[in-house]
Amino acid sequence: MNTRDTGSKILPDIIRPYGDTTGDGMVQVSFTLPIPHDKRAEGAALQLAAKMGLAPALLVHAKAMGSDFTFFIVYGSVSHLVDLREVVVIEREFAMLSAKDVNAAIKKRLRRKLVVVGACIGSDAHTVGIDAILNIKGFAGGGKGLEYYSEIRVVNCGAQVPVPELVARARAEKADAVLVSQVVTQKDRHIHNTMTMSAAFREAYPAGKVPLLVVGGPRFEQGSEDALGVDRIFGKGTTPGEVASYLVHAMTQAGAQTMTTTKEQS
Amino acid sequence: MSTKAKLELDPAVIRTARSLARKAGAPVVKIAKTHTTVSVERAVLRLAGLSGADHEGAPWVNHLVDAVRGEVGLELGVTTPVFDALRRGEAPDLLTLAQKSAAGSVSFHLPQGREAHAAQSLALRSVKPGIARIDKNRATRDRLMKRHGDPKQRPWIYLIVATGDIYEDIPQAQTAAREGADIIAVIRSTGQSLLDFVPEGATREGYAGTYATQENFRLMRAALDDVSKELGRYIRLVNYASGLCMPEIAALAGLERLDMMLNDSMYGILFRDINPIRTFVDQRFSRQIHARAGIIINTGEDNYLTTADAVDAAHTVTVSQLMNEYFAKEAGLQDWQLGLGHAFEISPEIPDSFRMELAQALLARQLFPKAPLKWMPPTKHMTGDVFRGYLLDGFFNLAGVMTSQDILLVGMMTEAVVTPFLSDRDLALQNVRYVLNAAGGLTEDFHPPRDGFIQNRARQVLSEAVDLLEKIVNDKGEPGSVPLLQAISDGTFGLMKRPAHAGKGLDGVVKCAPGYDNPASTLLEAGTGK
């Protein structure tokens with residue numbers, strides 16, 4: 001069998017799940033089928049297990065949940081093999097950090113709080129996106145917002161903020177980063193708004209001093225940062241932790257004293 | 001709720017804590033009494049029977065309040081100019097008036113003398129049926145509870161449904177009740193707290209929850225009435241009187257016979273950045289309605305522990321409970337209506353974490369012996385390891401029965417992973433039933449030894465709470481500033497700094513002028529709801 005070297009340990013290329021013996025392939029799954037509990041239901045569960053590649057499959061638990069559903073737990077040996085050579089790992093350009101590490105990194109690099117100014121610009125009144133990233137409590141399981149980070153000072157300007165006002169506020173607060181959310185958009189308003197915003201920042205700041213410009217929203221095309229004149233785009237499902245980790249990453253890229261970048265570099 | 005004192009707390013310290021809470025709260029109540037908000041005024045119009053929305057979904061109450069505010073201001077309340085306009089024949093009824101006002105074709109005046117008096121007495125007569133409907137709903141609830149009966153066990157079992165679609169929620173809620181839930185909470189759509197209007201009608205689209213609307217309330221209450229009858233057990237319905245429309249949602253809850261409402265004194269300020277004055281004004285009015293409607297409020301102290309450390313910040317929970325109690329009682333709520341919250345959020349990695357949980361839960365139990373305490377499950381230390389989460393929920397349930405908690409929010413092992421599967425809910429209920437069945441009577445045997453770990457920990461938390469309250473009361477900012485507001489603005493709670501002159505909804509706050517009239521407040525404060 002071919003093997004690969006990952007540091008100190010030699011791993012085989014082909015592996016199977018491990019129950020209590022090498023190569024036994026044992027896994028455990030649980031699921032619900034929308035049928036009443038009877039012999040046929042148990043047969044149905046075993047059929048599903050077989051189709052999932054469990055052979056032999058052992059139905060260890062079946063329980064009616066109300067009159068219309070049955071819950072199953074199945075153990076079995078899975079026939080599939082895992083080829084480690086085919087595993088592709090998609091790397092973020094930055095490492096995910098814990099809140100503690102984010103705070104420590106900011107403390108070490110900046111020796112002051114990192115200032116983040118956030119807003120919804122244009123006609124967009126939907127603060128859900130920006131609030132999910134900024135609000136201390138966060139939303140819907142995405143984790144605590146940036147307000148939770150002791151070394152980040154958050155200024156949330158809210159909804160429908162005119163671009164000149166956002167620029168003025170960013171200057172007044174000495175923002176290191178500006179976060180803009182565009183949730184609801186029609187006829188590519190989000191693109192137009194974002195380009196207007198980035199142009200206004202470039203105009204208002206000397207070259208190389210523009211705060212980090214970050215936009216988020218479900219409609220942005222990933223990889224279109226340069227076209228929009230921003231440093232980073234975040235899509236749907238982004239967590240505050242990712243944004244915080246990115247900010248630390250960007251800060252490190254920009255050197256120890258200042259985290260501002262020029263658009264040309266990005 | 002009949003636990004004998006187990007902690008041997010010093011009654012003098014408890015008295016001090018309450019008197020400090022009163023000292024901290026009283027100046028805020030004074031502010032609440034001298035201000036109104038757009039949402040309070042809209043709630044009054046709802047009680048006067050105005051409902052519905054235009055074709056774009058903007059409610060008529062918003063149109064009418066905005067029109068009055070634009071023309072004559074809200075300093076005297078919305079009802080005087082509105083009912084004056086009706087008396088002058090600008091429109092035959094409120095709905096037509098609101099529709100005409102949206103088109104800008106009504107002129108509002110501030111009537112003087114006899115005219116003002118006549119408008120106010122018409123306003124009072126018009127709001128009365130709304131209050132009467134709340135009274136009638138309360139009587140209906142009492143009757144149904146007598147007929148169907150209360151849950152056999154304490155704690156009551158509280159389950160959440162949230163599909164976003166009210167027509168999906170209904171069968172799920174009914175199934176949950178059949179599986180053993182005593183209380184059904186319908187989580188709201190994310191972001192509703194920041195909408196400055198209440199959406200209209202039955203809704204089928206929501207994000208991580210279902211919109212709170214009058215029609216959704218009505219549909220769900222009717223469905224739960226059916227299942228209550230089937231099960232021989234009155235199933236309570238919960239929603240959220242929080243966010244920018246707190247007073248209106250409280251009014252709708254009273255009008256549609258909801259049974260419990262989440263309603264915290266500081267949650268919106270700290271966690272949703274809603275203006276502090278707006279929150280306290282809205283909250284007082286909404287609590288007056290809850291008091292009248294016989295609704296049990298649920299407070300949100302669990303939230304402090306999700307942002308701050310549950311050991312270090314334990315006393316902030318106690319402080320918030322004391323503040324919630326003060327504000328609630330001032331607004332007319334009785335002890336049995338105070339579902340004060342707390343949560344099982346101490347890191348399981350810490351030695352003696354379970355003993356500290358027991359100390360904190362007993363402390364709440366003993367400080368508020370007659371309040372139906374709401375006991376909330378672990379969320380912060382739930383990981384993707386659902387097996388470990390299931391064990392943690394078991395310990396949470398055990399702490400709940402050992403310390404005689406009243407409302408048990410059922411913990412899901414898939415917390416922080418996915419929206420619970422049907423099977424997750426079933427497993428969670430099995431967990432609760434096993435613990436109740438195996439250890440439900442354990443409270444009888446459980447007496448922490450004198451000056452032992454649990455007694456000492458509880459005393460320490462209480463004394464830290466008193467220290468914090470003292471700090472708040474003595475927090476002198478600029479001259480004339482209100483200490484509690486100053487403390488909120490300094491970041492005393494949940495680490496959040498929320499200044500009194502900032503936050504969402506500030507522009508909806510209005511200082512009342514002499515002669516301000518609010519017929520709903522008049523009726524609610526007259527207090528004939530019993």
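In chain B, Ala24(B), Gly25(B), Pro27(B) and Val28(B) of helix H1 meet Pro483(B), Leu484(B) and Leu485(B) of helix H19, a contact meaning that C-beta atoms placed from the backbone lie within 7 Å. By class, this contact holds six nonpolar residues, one polar residue and no charged ones; Ala, Val, Leu, Ile, Met, Phe, Trp, Tyr, Cys and Pro count as nonpolar, Asp, Glu, Lys and Arg as charged, and the others, Gly among them, as polar. The model is predicted: local features need pLDDT of at least 70 and side-chain atom pairs count only at pLDDT 80 or more, while totals for chains, interfaces and linings use all residues. Residues are numbered from 1 along each chain as its sequence is written, and chains are lettered from A and ligands numbered from 1 in the order in which they are written.

The axes of H1(B) and H19(B) come within 7 Å and cross at roughly 100°, the axes being lines fitted to C-alpha atoms, for helices over the stretch in contact, with angles from 0 to 180 degrees between N-to-C directions.

Helices (H or I, at least four residues) and strands (E, at least two) are DSSP runs, numbered from the N terminus. Among the buried residues of H18(B) are Ile454(B), Arg457(B), Ala458(B), Val461(B), Leu462(B) and Ala465(B), where buried means 20 or more other C-beta atoms within 10 Å of the residue's own, exposed means 12 or fewer, and partly exposed lies in between, with C-beta atoms placed from the backbone. H18(B) runs over residues 453–473, and its 21 residues should span 30 Å at 1.5 Å a residue, in agreement with the 30 Å between its end C-alpha atoms; the expected span is 1.5 Å times one less than the number of residues.

Asp273(B), between helix H10 (267–272) and helix H11 (276–293), has a positive phi of about 55° although it is not a glycine. With 23 C-beta neighbours inside 10 Å, Asp273(B) counts as buried. Ser347(B) sits in the loop between strand E8 (341–343) and H14 of chain B, and it counts as exposed, with 12 C-beta neighbours inside 10 Å. Ser347(B) and Asp273(B) are 74 residues apart in sequence and 27 Å apart in space, C-alpha to C-alpha. Leaving out residues up to four places away in sequence, Ser347(B) touches Ser353(B) and His381(B).

Arg257(B) likewise is a residue other than glycine with a positive phi, near 55°. Arg257(B) lies in the loop between helix H9 (246–255) and strand E5 (260–262) of chain B and is buried, with 24 other C-beta atoms within 10 Å. A cis peptide bond, with omega near -5°, leads from Arg154(B) to Pro155(B). In chain A, the bond from Ala55(A) to Pro56(A) is cis with omega near 0°, and Pro56(A) is found in strand E5 (residues 54–65).

Where the chains meet, 19 residues come from chain A and 21 residues from chain B. Strands E4 (26–33) and E6 (69–78) of chain A each supply at least two residues of the side of chain A that touches chain B.

How values were computed
Contact = placed C-beta atoms within 7 Å.
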